[in-house]
Amino acid sequence: MPKWKILLPQQIDPEAMDLLLNNPDIEVVGPFKDPAEARRLIEDVDGVIVRSAFQVDATLLDRAQRLKAISRVGVGLDNIDVDYACKKGIKVLNVEGENALSVAEHAVALLFTLAKGINWFDREIRRGNWKSRYLGKPIEVAGKTIGLVGFGAIGKKVAELALSLGMQVLFYDPFVEKSESGAKKVCVLEELLKGSDFVSLHLPLTEETRKMIGERELRCMQPHAFLINVARGAIVDEKALYRALKEGWIAGAAIDVFEEEPPSLDNPLLKLENVVLTPHVAGLTKECTRRVAVKAVENLIAALKGSD
Ligand SMILES: NC(=O)c1ccc[n+]([C@@H]2O[C@H](COP(=O)([O-])OP(=O)(O)OC[C@H]3O[C@@H](n4cnc5c(N)ncnc54)[C@H](O)[C@@H]3O)[C@@H](O)[C@H]2O)c1
């Protein structure tokens, strides 16, 4: 007879799934075609394994009669009301650091895409515009400066990769004193924005960081500079970003994350040529998906054992 019922709103990696299914103490409920369907079953479960498309809000938590732990597949707890869960004595766990390499590599891939105009050249050659080779102006990244906003697991990995490419690295993170690696700390965000050729965001979405990059910040950046966002869409004011890109306050942007996901087809950012877009995939490499899901399952089992 299984001891714990675990709600699984969305599919997870097969190796992690096997860990759940082969554990005689566990009964799995899910996954569901529409993750929101899982909400109606919250009353009767001991644990939940949450990816980014499932909202754990106060209303849901109020209905959870015997929930002991919520395990997030990944980092970024903005889809979970952590304070309320903690007040109710429910543990909230996330997987720190395991996706840093994949997300950092994605940020660097976007950096190269912007610097080398890969997406623009790709479009032009398909239109028969061979002469685009004289028009696009790719740049070298060595010798350029990247400014990292947020210097945790992912920011540090991006710094390591950027330094190995011969870039200079600045970082702004009020909670990190210094870097061991050669990245230089700046204490004022404006200084980083003014001094960087690429600005890359690696901080969590909180009430404090929501729309932290707005018109004032974008206007601080240089006209040839690029913004890369693989953190959370709502950290950037998308309307201001659109104007910045349209009116040339900055040269371009690469965006993996959006204020609303998936973005509406009317989102004007989708119409701009100086924007590179990916659908929230920075952490979805094969390797990372497996690592993070396995860790999330292990975290949940350990928490349930601990609360026995
Ligand atoms: N696109 C993706 O697929 C993907 C995948 C994983 C994580 N993420 C996002 O990346 C974020 C960072 O991940 P991480 O693993 O590096 O987290 P982390 O907790 O290791 O690092 C976050 C850093 O941001 C700093 N920070 C907090 N508030 C700040 C502020 N106001 N200004 C500047 N810095 C601030 C913290 O001090 C910390 O050092 C996550 O919160 C998540 O939202 C995105």
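Figure 1. At 22% relative accessibility, W120 is partly exposed. Here, buried means under 20% relative accessible area, exposed means over 50%, and partly exposed lies in between (1.4 Å probe, protein chains only). F121 is also partly exposed, with a relative accessible area of 22%. The model is predicted: local features need pLDDT of at least 70, side-chain atom pairs count only at pLDDT 80 or more, and totals for chains, interfaces and linings use all residues. Residues are numbered from 1 along each chain as its sequence is written, and side-chain values use heavy atoms, with hydrogens and water left out. Rings of Phe, Tyr and Trp (its six-membered ring) pair if their centres lie within 6.5 Å; planes under 30 degrees apart count as stacked, over 60 as edge-to-face and the rest as tilted. In one of them, the ring centres of W120 and F121 are 5.3 Å apart and the planes meet at 65°, so the pair is edge-to-face.

**Figure 2. The stacked pair F198 and F226.** The rings of F198 and F226 are stacked, 5.4 Å centre to centre, with 20° between the planes. F198 belongs to strand 9 and F226 to strand 10 (residues 226–229), so the pair ties together parts 28 residues apart in sequence. Strands (E, at least two residues) and helices (H or I, at least four) are DSSP runs, numbered from the N terminus. Both F198 and F226 are buried.

**Figure 3. R219 over W249.** R219 lies over the face of W249. The distance to the ring centre is 3.8 Å. A charge sits over a ring if NZ of Lys or CZ of Arg is within 6 Å of the ring centre and within 35 degrees of the ring normal.

**Figure 4. E15 and R290, a salt bridge between two helices.** The closest N and O atoms of E15 and R290 are 3.6 Å apart, and the two residues form a salt bridge. E15 is in helix 1 (residues 14–21) and R290 in helix 11 (residues 286–306), so the pair links parts that are 275 residues apart in sequence. A salt bridge is a side-chain nitrogen of Lys or Arg within 4 Å of a carboxyl oxygen of Asp or Glu. Side chains of opposite charge can pair when their charged atoms come close. E15 is partly exposed, with a relative accessible area of 44%. R290 is partly exposed as well, at 35%. The whole structure holds 24 salt bridges.

**Figure 5. Further salt bridges.** E37 pairs with R40 in a salt bridge, with 3.8 Å between the closest N and O atoms. E37 is partly exposed at 34% relative accessible area, whereas R40 is exposed at 54%. In another salt bridge, the side chains of E180 and K178 meet at 3.7 Å, N to O. E180 and K178 are both exposed. Shared partners join K5, D44, D46, R66 and K68 into one salt-bridge network.

**Figure 6. T209, a buried loop residue.** T209 sits in the loop between strand 9 (198–201) and helix 9 (215–220). Its relative accessibility is 7%, which counts as buried. A polar atom of the T209 side chain lies 2.7 Å from the backbone oxygen of P204. The backbone nitrogen of T206 is 2.8 Å from a polar atom of the T209 side chain. Beyond its neighbours within four places in sequence, T209 is in contact with L203, P204, A234 and I235. Contact means heavy atoms within 4.5 Å.

Figure 7. A disulfide is a pair of cysteine sulfur atoms within 2.5 Å. By this rule the count is zero. C187 is in no disulfide; its nearest cysteine sulfur, that of C220, is 16 Å away. C187 is exposed, with a relative accessible area of 61%. C86 is partly exposed at 46%.

**Figure 8. H280 and its surroundings.** H280 is in the loop between strand 12 (275–277) and helix 11. At 25% relative accessibility, H280 is partly exposed. Not counting residues up to four places away in sequence, H280 touches R232, D256, V257 and E261. V230 and H280 are 50 residues apart in sequence, and their C-alpha atoms are 7.6 Å apart in space.

Conventions
A polar contact is a pair of N or O atoms within 3.5 Å; within protein, one must be able to donate a hydrogen and the other to accept it, and residues adjacent in sequence count only if both atoms are side-chain atoms.
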